[in-house]
Amino acid sequence: PESAPLMGWAGEASLGGGVTVRGAADVYGCMGEKIARYRIWAQADPAFSLPQPAAGTVFAPAGWTQVTAVDFTSDAQRINNRLDGNPDPSILTRGAWTTRQVCSLFGWPPIIICTTVPDLPVASWATPASGRYSVLLEVEDTSGHTYFDIQRVWIDNENMVVSLTGVGGLAPCQDLYTRQALPSTLFRTVQVNGTAWDELIVAGDTTAPSNNFRRYLLEFQKQGAASWETLVDSPTPVPAAGTPAAVGVLATWDLGSLDRDTGSAGYADDQLLSEGESCTYLLRLRAWDSTIVSESTSHYGEDFFPVKIINSPLP
């Protein structure tokens with residue numbers, strides 16, 4: 001019997017950037033068949049409905065984009081670049097043939113002997129625009145038999161939309177008073193406005209992984225303070241998923257929490273203001289999605305907003 005190709009991802013998640021396709025592309029048979037070639041193809045598939053070709057058929061690539069093409073012309077190529085997925089899935093996205101040195105120790109005292117062997121270097125798939133895609137592996141052996149495996153993938157190459165646009169209706173660097181004008185002694189609660197948002201992969205589908213917004217974190221730091229304090233840590237985008245990107249309310253900020261005598265939020269003392277004291281504060285907004293970007297990170301964005309806070313009533 002001959003081995004069937006195997007290719008896939010664990011679980012359902014969105015991918016972006018440059019990624020490797022892993023699995024197996026190898027052939028063995030009773031009549032001495034060996035792998036002759038393999039191709040990896042990709043095509044937009046909004047309904048995940050593209051069929052897998054039947055084994056033994058001639059593949060028609062119309063509509064498909066070629067990701068990888070490898071032809072084996074010698075046993076040395078096959079032996080030194082076995083892609084059988086054993087014990088771990090092999091990286092199938094590969095570049096053009098080249099060579100590498102393989103060195104071994106022989107005898108005592110040891111002698112190093114190096115030989116030059118064919119090499120099939122690893123490459124990445126530069127994923128296309130966001131959407132749902134099918135990825136097809138096509139394998140052909142030296143007797144002309146063909147084998148196929150198809151897998152589905154969500155592609156996300158949209159950047160996060162992250163911006164801070166105002167605090168208490170003020171522009172950057174303006175004066176923000178903690179209380180209303182005299183005779184009031186009540187501390188004010190102000191809105192922090194901005195956007196922490198991510199485009200859906202499929203319009204109207206707010207379920208994962210189409211909606212892969214993970215969290216936004218809004219923090220502040222008084223000038224000279226040792227660290228950041230958290231205002232909001234939320235898994236919900238602003239505005240809501242599936243709506244157009246727009247400015248919304250990221251947080252409501254109780255300015256009394258900054259008063260050294262009455263503040264009850266538990267902030268560090270170096271973040272607080274005494275009566276009549278003023279200082280510059282910097283707000284930082286950060287947001288992430290859950291897309292696996294280039295197999296190492298996620299999409300990320302950040303923005304900053306400075307404001308001078310004065311612990312006294314409005315003049």
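Which backbone nitrogen does the side chain of S234 reach? In this predicted model, local features require a pLDDT of at least 70 and side-chain atom pairs count only at pLDDT 80 or more, whereas totals for chains, interfaces and linings use all residues. Residues are numbered from 1 along each chain as its sequence is written, and side-chain values use heavy atoms, with hydrogens and water left out.

The side chain of S234 reaches the backbone nitrogen of T236 at 3.1 Å, where a polar contact is a pair of N or O atoms within 3.5 Å, of which, within protein, one must be able to donate a hydrogen and the other to accept it, and residues adjacent in sequence count only if both atoms are side-chain atoms. S234 belongs to strand β17 (residues 229-234); strands (E, at least two residues) and helices (H or I, at least four) are DSSP runs numbered from the N terminus. With a relative accessibility of 14%, S234 counts as buried, on a scale where buried means under 20% relative accessible area, exposed over 50% and partly exposed in between (1.4 Å probe, protein chains only). When neighbours within four places in sequence are left aside, S234 is in contact (heavy atoms within 4.5 Å) with F213, R214, R215 and Y216.

One of these residues, R215, also forms a salt bridge with D233 at 2.8 Å, N to O, a salt bridge being a side-chain nitrogen of Lys or Arg within 4 Å of a carboxyl oxygen of Asp or Glu. This pair links R215 in strand β16 (residues 213-222) to D233 in strand β17, 18 residues apart. Both partners are partly exposed, R215 at 27% relative accessibility and D233 with a relative accessible area of 45%.

By this rule the count comes to 17 salt bridges. Among them is the bridge between K34 and D75 (2.8 Å, N to O); K34 lies in the loop between β4 (22-24) and β5 and D75 in helix α1 (residues 75-80), so this pair ties together parts that are 41 residues apart in sequence. K34, at 32% relative accessibility, counts as partly exposed, as does D75 at 36%. A further salt bridge joins E140 and R37 at 3.1 Å, N to O, and links strand β11 (residues 131-141), which holds E140, to strand β5, which holds R37, across 103 residues. E140 is partly exposed, with a relative accessible area of 22%. Salt bridges link R37, R39, D71, E138 and E140 in a network.

For aromatic side chains, rings of Phe, Tyr and Trp (its six-membered ring) pair if their centres lie within 6.5 Å, with planes under 30 degrees apart counted as stacked, over 60 as edge-to-face and the rest as tilted. By this rule the count comes to ten aromatic pairs. F48 and W154 form an edge-to-face pair, 5.9 Å centre to centre with 90° between the planes. This pair links F48, in the loop between β5 (35-44) and β6 (65-71), to W154 in strand β12 (residues 146-155), 106 residues apart. W154 is buried, with a relative accessible area of 5%. The rings of W288 and Y300 have centres 5.4 Å apart and planes at 45°, so this pair is tilted; W288 lies in strand β19 (residues 278-289) and Y300 in strand β21 (residues 300-313), twelve residues apart. W288 counts as buried at 14% relative accessibility, whereas Y300 is partly exposed with a relative accessible area of 38%. Ring pairs also link W41, F59, W64 and F148 into a cluster.
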